[in-house]
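Please read it beside the sequence and the coordinates.

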Amino acid sequence: MGREGRAAEGPPAPLAVEASATRRGAAGARRCAKLPHGMDPSAADRSAPLIDIAGLRFRYPGAREDALADFDLQIGEGEFLVVVGANGSGKSTLARLLGGLDKPTSARHALGCGRDLLTDQGRVDVRRDVGVLFQNPDNQLVAQCVEEDIAFGLENLGWSAVDMRRRVDEMLTRFQLEDLRHREPHLLSGGQKQRTALAGVLAVPRRVLVLDEPTAMLDAVGRDDVLAAVSELHAEGLAIVLITQEMDEVVGADRVIALERGTVVFEGTAAELFADIDLVVRLRLGLPAPGALAVALGERGRLLPRLPLTIGELLEELASPP
Amino acid sequence: MSAQGPAPRQGSTTVGASLACRRVSFSYSEGGASVPALRDVSFSVPAGDAMALIGASGSGKSTLLQVIRGLDEPEAGAVVLDGVEPGAAGYAERQREVGLVFQTPEVQLFAATAREDVAFGPRRLGWSEPDVADAVARAFELVGLPQAVYADRHPYSLSGGEARRLALAGALAMRPRLVLLDEPFVSLDPGSRRDLVAILERLRADGITLLLVTHDVDLAWRLCEQRLVLAEGRVAAAGLWDFAGDDARLLAANRLREPFLVELWRRLAYAPGQAPRTLEEAAKALA
């Protein structure tokens, strides 16, 4: 997780390329929705952040407090950003705003893939570039069978039957859903449902993928499947925003932000976050189990040289001489 | 429970109720076809014990909770509560002593205030107002929500963790002797999970029997001495954990991994069957 700068080098992302080749035309070439990372003809566009938000405030109708306040965030091409915070700290609100699903109450500026999130048209347009996957796949699957579900977004965008067929087949292969293509979504396992939902989100070529606790309802295998798919997408250059309550999903991230009452109160690496125990506790987060055990050992007088965040690191630290 | 108020405890020897399922089968209908969800499910939980109910999604875990609670009638077999057979005198009362906390129960909060929400169940049982007030106060206390702060709040104004605890309070207000929980930790932040673990440990200390559906094997291992593994509606294993034996393989076969502390013990070449339940115990052993 958490590599950066992949977009500028190496082959362009297959997901975006295929789609862009399908969709690119004289008009389409000017629109970021149609362009894979690294193929943007405009150098200025490439250096600009994908997401650029400053001084944003959001309040739900009738609420007494802001869900997001004084909120700043920049996300570059191909970045992997992990977002943590207590229940109610504004994470899901952020996912909805990034996806153009809610209107900011106010902001100095709020741009997503160059679209102005403060305007109705900007929010409609950004929905093409920014895909959002939510926690509960049952709320996101709409069609009678898996392949129809994956085609749903493309159909709404008016893709031709031929292009749509090819794109859906790609997605079925990509997410190992070929054997399930005719199955009713509600009869799938949790992991299969979430992969179907992910395939549907990504069938439309995206520049940013926002995942709101995508593994919360999955068993270990389903969770590993989804995380592996996300990691592969990132390696291909897609920018990822992963919102999670699972502290072991944070381990290894280059860039983590932590929210508290709608504001970013921490930004740094996973290792930096977990090293600040007081902050972790205040934000109602936790350490991954190996780190928590190391802290408990320290309280009993056995101090480990480094804070381990994985079981492998813990075993190394335990093996090192005191 | 009778219309006069909470049932006195003196009729039973323990606070918790024992549970036994005897060859329970259940199917639901799907587009005209009958899809088996539970097949010949047999297991028992002694009064006051905690059992983790684990298995892949779709293995029948939530269905089993519904059947035990009596929301669905088994096609075959019997759910024996506190030693009382279905149809025998007192069975309906025993069923009312089973509390079921649904997955994301906070979506079912509906009253105008937190207090009214928690009071709903006891009122429906016909308890007198003083008894209802008592039960509500105790339930708020049990889940760690100070009544003075929360009672008049609108349920929708609560954070996710608070709303989950309020929903649990609604179940606990009816003084259940057996509590069924369906994935209670899902989508809670780590701090709220720690709070909920403390609440469940307190229920255990009070002697209440727990059946806990979770895919969090670390918390299952910490909270429960027993486990029931369901696979495609059948019992793959029931009884005490057995990591000295086959449990690691059994979990892997059911899309789960072994608990962190069991893996750690195994990799440290200690007996995995002796792995500690809590990080504190592990630290004590390793310090």
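In chain A, strand E3 (residues 80–85) and strand E9 (residues 255–260) pair in the parallel sense over five bridges. Strands are DSSP runs of E with at least two residues, helices are DSSP runs of H or I with at least four residues, and both are numbered from the N terminus. Two strands pair if DSSP finds at least two bridges between them. Val84(A) has Ala258(A) as its bridge partner in E9(A).

This is a predicted model, in which local features need pLDDT of at least 70 and side-chain atom pairs count only at pLDDT 80 or more, while totals for chains, interfaces and linings use all residues. Residues are numbered from 1 along each chain as its sequence is written, and chains are lettered from A and ligands numbered from 1 in the order in which they are written.

**The chain A sheet**

E3(A) and E9(A) belong to an open sheet of six strands, with the order E6-E7-E8-E3-E9-E10 and mixed pairing. Strand E6 (130–133) and strand E10 (263–268) of chain A are the edge strands, and each pairs on one side only. Neighbouring strands are turned by 20° against each other on average, direction ignored. Angles run from 0 to 180 degrees between N-to-C directions, and axes are lines fitted to C-alpha atoms, for helices over the stretch in contact.

Two helices that pack on this sheet are described here. Helix H3 (residues 91–98) of chain A touches E3, E6, strand E7 (208–212), strand E8 (239–243) and E9 of chain A. The direction of H3(A) makes about 150° with that of E7(A). H8(A) also packs on the sheet and touches E3, E7 and E8 of chain A. Its direction makes about 150° with that of E8(A). Contact means that the C-beta atoms of two residues, placed from the backbone, lie within 7 Å.

**Helix pairs in chain A**

| Helix pair | Axes come within | Crossing angle |
|---|---|---|
| H7(A) and H8(A) | 8 Å | roughly 20° |
| H11(A) and H12(A) | 8 Å | roughly 30° |

H7 spans residues 190–203 of chain A and H8 spans residues 220–235. The two are therefore roughly parallel to each other, a label for angles under 35 degrees, with over 145 counting as roughly antiparallel, 65 to 115 as roughly perpendicular and the rest as oblique. Their crossing is right-handed. A crossing is right-handed if the near helix is turned clockwise from the far one by less than a right angle, and left-handed if anticlockwise. On the H7(A) side, Gly190(A), Gly191(A), Gln194(A), Arg195(A) and Leu198(A) take part. They meet Val221(A), Gly222(A), Asp225(A), Val226(A) and Ala229(A) in H8(A). By class, this contact has four nonpolar, four polar and two charged residues. Nonpolar covers Ala, Val, Leu, Ile, Met, Phe, Trp, Tyr, Cys and Pro, charged covers Asp, Glu, Lys and Arg, and the others, Gly among them, count as polar.

H11(A) and H12(A) are likewise roughly parallel to each other. Their crossing is left-handed. Pro290(A), Leu293(A) and Ala294(A) in H11(A) meet Ile311(A), Glu313(A), Leu314(A) and Glu317(A) in H12(A). That contact has five nonpolar, no polar and two charged residues.

**Where the chains meet**

The contact takes 29 residues from chain A and 29 residues from chain B. H8, helix H11 (289–299) and helix H12 (311–319) of chain A each supply at least two residues of the side that touches chain B. Which helix gives the most to this side of chain A? H11(A) does, with five residues. The residues of this side divide into 15 nonpolar, nine polar and five charged.

**Chain B**

Chain B has 11 helices and nine strands. Three of the strands form an open antiparallel sheet in the order E2-E1-E4. Strand E2 (33–45) and strand E4 (76–81) of chain B stand at the edges, each with a single partner strand, so one side of each is left without a neighbour in the sheet. The twist averages 30° from one strand to the next. Nine bridges join strand E1 (residues 19–30) of chain B to E2(B). Leu19(B) has Val45(B) as its bridge partner in E2(B). Helix H1 (residues 61–69) of chain B lies across E1, E2 and E4 of chain B, at about 70° to E2(B).

Elsewhere in chain B, six bridges join strand E8 (residues 226–231) to the antiparallel strand E9 (residues 234–240). Leu230(B) stands opposite Val235(B) in E9(B). Two residues lie between the strands of this hairpin, where Glu232(B) takes a positive phi near 50°.
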